[in-house]
Amino acid sequence: METRELICIGCPMGCPLKVEINNGEVASVTGNTCKRGDDYARKEVTNPTRIVTSSVIVEGGSLAAVSVKTKQDIPKGKIFDIMKALKGVKVQAPVHIGDVIVSNVADTGVDIIATKNVL
Amino acid sequence: MLRQVYDIVIVGGGPAGLAAAVSAKRNGIESILVLERDKELGGILNQCIHNGFGLHTFKEELTGPEYAGRFIEQLEEEKIAYKLNTMVMDISDDKVVTAMNREDGMFEIQAKAVILAMGCRERSRGALNIPGYRPAGIYSAGTAQRLVNMEGYMPGREVVILGSGDIGLIMARRMTLEGAKVKVVAELLPYSGGLKRNIVQCLDDFGIPLKLSHTVVDIDGKERVEGITIAQVDENRRPIPGTEEHYTCDTLLLSCGLIPENEISSSLGVEMSPVTSGPLVNECLETNVEGVFACGNVLHVHDLVDFVSEEAGAAGKHAAEYVKNGAKHPSSDAKDIPITATQGARYTVPKTINPDRMDEKHIVRFRVGDVYKNCYVSVYLNDERVIHRKRPVMAPGEMEEVVLKKEELSAFPDLSQITVKIEEA
Amino acid sequence: MYDVIIIGAGVSGAASARELSKYKLNICVVEKEEDVCCGTSKANSAIAHAGFDAESGSLMAKLNVEGNQMMEKLSKELDFPFKQNGSLVVCLHEEEMPDLQKLYERGIENGVKDLRIINRKELVELEPNISDEAVAALYAPTGGIVCPFGMNIAFAENAAHNGVEFKFDTEVTGFEKKEDTWLVKTSQGDFETKYVVNAAGVYADKFHNMVSEKKLHITPRRGDYCLLDRSTEGFVTHTIFQLPSKYGKGVLVTPTVHGNTLVGPTAIDIEDKEGTNTTQAGIDELISKAGSTVKGLPIRQVITSFAGLRAHEDGHEFYIGEVEGAKGFIDCAGIESPGLTSAPAIGKMVAEIVSGLAGAEENPDFIGTRKGILDPKTLSNEERAALIKENPAYGNIICRCEMITEGEIIDAINRPLGAKSLDGVKRRTRAGMGRCQAGFCSPRTIEILARERGVDPAEITKSGGNSKIIVGINKDRI
């Protein structure tokens, strides 16, 4: 039986969590104050994921760069593959919040979307 | 000089200014003008491209620009007037706002009410009095954030960060993701000022060490940073000789405190709090200058933008009521009761509360001066304790709140003092 | 071939260049940094000393008083900030009054006007924040404060206007004496000239010693300073000195001509001629000493600290004149305090020597006035509105702490000897000198510099050389 202590990153509260793991499977989660904490704990010890945010160059727009994010969380181990995939990416203005900038980035099945309007 | 007239002028089009404007409109004022010095609305949120905003307000986790986008949308739906690239130079005590931009030149606006929403700036290396050379490569974390996130420029390749507040932690991750090497984050205090989640996703995720009770004691490199020396500090926060560690690097980022930008407020004669460096306000978020309100980071530095929006919404509502009432306050029999923060509580917003004028419930926000575990937030009306709430952990980096009830305050005989303090038992 | 090559574009070199441009001479100033005013001239107390401090009979004393007397008129002709705010040397111990008296007598002998000793009552009226320990003071109404960059840049621009050439990033490496001329060897090539003026600051001994058997020895003597926010304006209105006593030499507390309060300097001898780094010990020392002459010094309002290196020659004197055994090589060395004050007089003296040696004719086309960068804050609201209509760049504020507009920054970049770096813009316009120390304006100033100079923003530096701000673009190393 393994016990891991984590800080939940689901929201700014940052509840301290205790996860009991038996033979690679999560036996129990304590310390969370909401369901998201429970979900996070289970994921974090088996398949940790993150949201990745960055910015890409805009051409022909009123601003030089547009902020972007992964539409959903992606496997933590793929963070740098995603950054590599964003290297050199340029978008043409206008860009709107939600526009897909790169689809299925780094083969994660998740899109990179714009988080800002640049006209 | 050209002089315009508006009912409400809002200085700043960041999250506070936007929420105040929308609220004022929805509370019945048509004539509103937002003045913003940058080339777009959204304020500091435009460069906060990371996640974590909006959980309270929209029940979703948004990035900074997305959160700003929601309020910009509301402002545009409400057809509220705004000017960009416009700097407010001065506000007179009869509420004439002097501003400047390329198109209109210098112009004046006679306002009935003014809402201050100028946000804050960062403490510089100079203000911290860090000794050493003065090379290129030293940035406040926010300036670096602007360069990286909005211009697409890298300010450095090998980075040391001083200050583990959220901005420092966020920039540790940001620089790493964009290809720089962050060698260490040093923090003067024995605890980090940032959210615990940021320690995980900004430092632990990338194996960046955090050194608590450490500070920068020397900077070398005459033209560009070549190295940083950090040292451990004692309980008086003075460096301990012999504990020096040198890091080769080309960049030092500083995340050592935000200071509300109150130059305009001071020249207007607004009374300031020496603790927050922001204006002292009553429960309507009004300063000592009648008809001048304040909200957001210019009032006190916030951790969550959701609370900024809430506070700004209240300021907008009260400014609207003030204008609707003929640019004066409704008369009140009750007095403004001072709220004192003491014994662990550093300050409260608001500073005074009027039991007659207040809403049914009023959220009083405050910060503690140290880390407190298993202590109580206590509120006294005169000498009587009326709130005694246990909190497992309280830290200076996390804004706290207590709720005061109009019913309770009005019913209390000869109420002259409200006290907020931290008690052990 | 040049008639005169001046080594150093600090205040001595620039003043010499300006004064020499009154003659028909082919003059070139060579400067190892990227801009004028990059050495000691940019990091000092910014004071126009009245002249009681220098030893009577010395060249220092003579040029100090002369320079002080020239300041007011020159500041109008060349358009740089100067204010005659008066100096006070405060005596903190009754038993030291004889020393105060001696200082007064020395001042009289040096030719300082209107000098007098005042009692505590009068002192407190002049300076309410003076220390409770203050017993009396020497009051020198002719003492003043000046903008050191403003003055240095004004001299240089006026010199350039009158035909003087400036070569930057040009470091002198050696000399070769030819028959009637000197070959000045530099990092950018060799240049022949009839006369050399050695105004190389802390390096003046290095160059002197290359051409002379009799050596000079210049020790860099570091002065650390703390600069306080403009909100402290009025804390003191005069320049407050502490009477040197057996307890040591104090530090001064002075307003600056821009409304800040300046505290310092220390006096720490070092070896490294590039050692302009402040130290914790230096800063601690000046903070503790500053509290002696005033009460309630608002030291928490510090916005920056810096250090400058005095060019202290062992003999503690100015060495201005043709070097024995090196015909045509004129020293302008050992220019430590009161160097800044003396600069106008130093320039005049150098020009007299060189023009005399050269038998030079006067330059009938010499223009003695210079207009500095327009500061819109000095205009009326109506004038300002008209200015913005004509040139909208004056309606765009870049530095919010000092309220500096894009128009001023563009002027600073495009005028002769224009700014090439952030520090160049800073010294000419004050953008970046405010309480946020360029945190807000620097990204914007970089953009303007890049645009005006037609270079990539990544090429813009803080102060020339390797001091790049931007090292690349996002993800370029991934």
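The pLDDT is the predictor's confidence in each residue, on a scale from 0 to 100. For chain A its mean is 93, and 100% of the residues reach 70 or more. Within chain A, confidence is lowest in strand E1 (residues 2-7), at a mean of 90, and highest in strand E10 (residues 112-114), at 98; helices (H or I, at least four residues) and strands (E, at least two) are DSSP runs, numbered from the N terminus. The model is a predicted one, in which local features need pLDDT of at least 70 and side-chain atom pairs count only at pLDDT 80 or more, whereas totals for chains, interfaces and linings use all residues. Residues are numbered from 1 along each chain as its sequence is written, chains are lettered from A and ligands numbered from 1 in the order in which they are written, and side-chain values use heavy atoms, with hydrogens and water left out.

Chain A meets chain B through 27 residues of chain A and 29 residues of chain B, contact being defined as heavy atoms within 4.5 Å. The two chains bury about 2400 Å² between them, 59% of it on carbon and sulfur atoms, where buried area is the accessible area (1.4 Å probe) that two parts lose on being put together, summed over both. A:Ile9, A:Pro12 and A:Thr53 supply 24% of the area that chain A buries against chain B, more than any other three residues. Between these chains there are 5 salt bridges, each a side-chain nitrogen of Lys or Arg within 4 Å of a carboxyl oxygen of Asp or Glu; one such bridge joins A:Lys76 to B:Asp205, with an N to O distance of 3.4 Å. On the chain A side, helix H1 (35-46), strand E5 (53-59), strand E6 (65-70) and helix H2 (79-86) each supply at least two of the residues that touch chain B. By class, this side has 15 nonpolar, 7 polar and 5 charged residues, with Ala, Val, Leu, Ile, Met, Phe, Trp, Tyr, Cys and Pro counted as nonpolar, Asp, Glu, Lys and Arg as charged, and the others, Gly among them, as polar.

Chain B is also in contact with chain C, where 56 residues of chain C meet 44 residues of chain B. The area buried between them is about 4500 Å², of which carbon and sulfur atoms give 51%; in chain C, the residues that lose the most area to chain B are C:Arg400, C:Val471 and C:Asn474, together 14% of what that side buries. Across this interface 9 salt bridges are found, including the one between B:Lys222 and C:Glu274, whose closest N and O atoms are 2.6 Å apart. Several elements of chain C each supply at least two residues that touch chain B, among them helix H7 (280-290) and helix H12 (442-453), while the largest share, 6 residues, comes from strand E18 of chain C. Strand E9 (residues 153-154) of chain B and strand E23 of chain C run antiparallel and are joined by 2 bridges, at least two DSSP bridges being required for strands to pair; B:Tyr153 has C:Ile473 as its bridge partner.

Some backbone features also stand out. Most residues other than glycine have a negative phi, and most peptide bonds are trans. A cis peptide bond joins A:Ala93 and A:Pro94, with omega about 0°, and A:Pro94 lies in the loop between strand E8 (90-92) and strand E9 (100-102) of chain A. B:Asn382, although not a glycine, has a positive phi of about 50°.
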